[in-house]
Amino acid sequence: IGRVSQYLCSMLTAYAEEVRMKSILLSENIEESWLNATLQININLNHLRDARKHLLQYLTFPRQSTVSHSSSSLSTSSEDIDASDTYKQCLDFVKDQLSFRIIKAMDYIGGSIANCHFYEANQKISVISRAKDILGQNLSEEAIKRVNRFPQDLQAALKIQEDKYQNMDLTTYTYCPPKDHYERFSKVMQQNQECEQTWRNIETIIRNRFRQELQSIKESSRSSPDIRIASIRKFELAVKSLPDNLQLELSTELNDIKLSIEQENKDQKYQFEEALANHNTERLDEMLGDIIKREGSYSNTLKNNQNAILEQVQTIRTQIECLYNQKDIESMLNSTHQLLRYKPLGSRQTQIRDAIQLGLQQVKTNYIRACSNLSDLSSINTDNEKLNFSYFILVEFSKSHDHHKLSESESFLSEILGLNPNDKLHDLKQ
């Protein structure tokens, strides 16, 4: 009997340690496989509980059979203890592990519903609820309360989402797109009536808010075009953040107003593009001034036109660089003269001014480099091809200076270089 008792003690101790390790190694990924593993642990716990009830009252164990929470190893002692205490420790330990997993999962679900991931939360709470029903007494009261509290937590999270749209400005919609929320709601609406009703409420709030904005646009018909244009642009940008059905519905209501505003701007846009294509900088400057008087210094129209001018300036800068690399100095200087004509527009935007200055400085640097090459004829490593090209640059600068001086009081090259190219060429010849 002693040997049987000893063998039984050894087997039950190993079984308890196996269950304990299963609880430690239980996955944190809440899915069907997790539920199956939890079910198996529950079966093991029930076996241990039955063994504790029916068998272990006749058995005693050495201290080494005690299951410790602080270490996976078994402590040793010659003192015998009641086996029921040993397996109660194991049952309590596993219960704590399972409860910890459930509570941690509920924390994750809480974060999911706070970020509108309702489908994922619904899938996980379904598994956890089944696990709670299976485990029963093998879970702590805190874990059970957390699972039972989920409907209230969900309702609170849904209320927050609904309240968020009550007073949301249209400009905020692009940063918090309702269509993204709709995708998350739509996945779970057939499974959860509360989520479905909340989305219906949010949809009504959004529709009413956008229709208020439409009414405001209609009432602003006697205001400046910029106010109406800005309102429509804001509306169009915001409506893109909505689900498809709301986009179609509200965009249709906007069309008549939108067409009217577009027609008003059509002529102005054409005139601006024509002036830009012809490099009519005086007309461009005049039009920018008109826009500032009519719409203010921060209007979208002004910003777009200045950006177009900046793009044109950058294109000319690129042309200057390419023509220099192709050694077409005459064409490069013509482009430089063209760039200089945009200089008055630099006073209206810093980026335009800086781009023009960089282009002109690029031309000046090329000229100074050519002069430096010709001044260093004593160098042993003189490159004849470089010298010829440098001399060619100075000659072309001198020709361009004389050509433009015939029609201007002062050559544009004198303004860029700060000197007379003819004088510099003469000095180098000497």
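Tutor: Let's start with a term: a nonpolar core is a set of buried nonpolar residues, such as Leu and Phe, joined through side-chain atoms within 4.5 Å. Keep in mind that this is a predicted model.

Student: Which residues touch the most other members of the largest nonpolar core?

Tutor: Those are F118, F210 and F235, in a core of 63 residues. As for who contributes, helix 3 (residues 83-114) gives the most, with 12 residues.

Student: What is F210 in contact with, leaving aside its neighbours within four places in sequence?

Tutor: F210 meets L170, Y173, F235, A238, V239, L242 and L250. There is also a second, separate core of 41 residues, and L310, I320, L339 and L340 are among its members.

Student: How do I read a helix, say helix 13? Which of its residues are buried?

Tutor: The general idea is that an α-helix has 3.6 residues a turn, so residues three or four places apart point the same way. In helix 13 (residues 329-340), the buried ones are I329, M332, L333, S335, T336, H337, L339 and L340. From first C-alpha to last, helix 13 reaches 16 Å, close to the 16 Å expected for its 12 residues.

Student: And pockets? How much space lies in the largest one?

Tutor: Rolling a probe the size of a water molecule over the atoms shows where empty space is left. Here the largest pocket holds about 500 Å³. It has 22 lining residues, with R233, N265, Q268, K269 and T301 the closest to its centre.

Student: Which helix gives the most to that lining?

Tutor: Helix 10, with 10 residues. By class, the lining has 10 charged, 6 polar and 6 nonpolar residues.

Note on methods: Residues are numbered from 1 along each chain as its sequence is written. This is a predicted model: local features need pLDDT of at least 70, side-chain atom pairs count only at pLDDT 80 or more; totals for chains, interfaces and linings use all residues. Side-chain values use heavy atoms; hydrogens and water are left out. Buried means under 20% relative accessible area, exposed over 50%, partly exposed in between (1.4 Å probe, protein chains only). Helices (H or I, at least four residues) and strands (E, at least two) are DSSP runs, numbered from the N terminus. Contact means heavy atoms within 4.5 Å. The expected span of a helix is 1.5 Å times one less than its number of residues. On a 1 Å grid over the protein atoms alone, a cavity is a set of points where a 1.4 Å probe fits but cannot get out, and a pocket is an open set with protein on both sides within 12 Å along at least five of seven lines; lining residues have an atom within 4 Å of a point. Grid points are joined across faces, edges and corners, and a volume is the space filled by probe spheres set on the points. Ala, Val, Leu, Ile, Met, Phe, Trp, Tyr, Cys and Pro count as nonpolar, Asp, Glu, Lys and Arg as charged, and the others, Gly among them, as polar.
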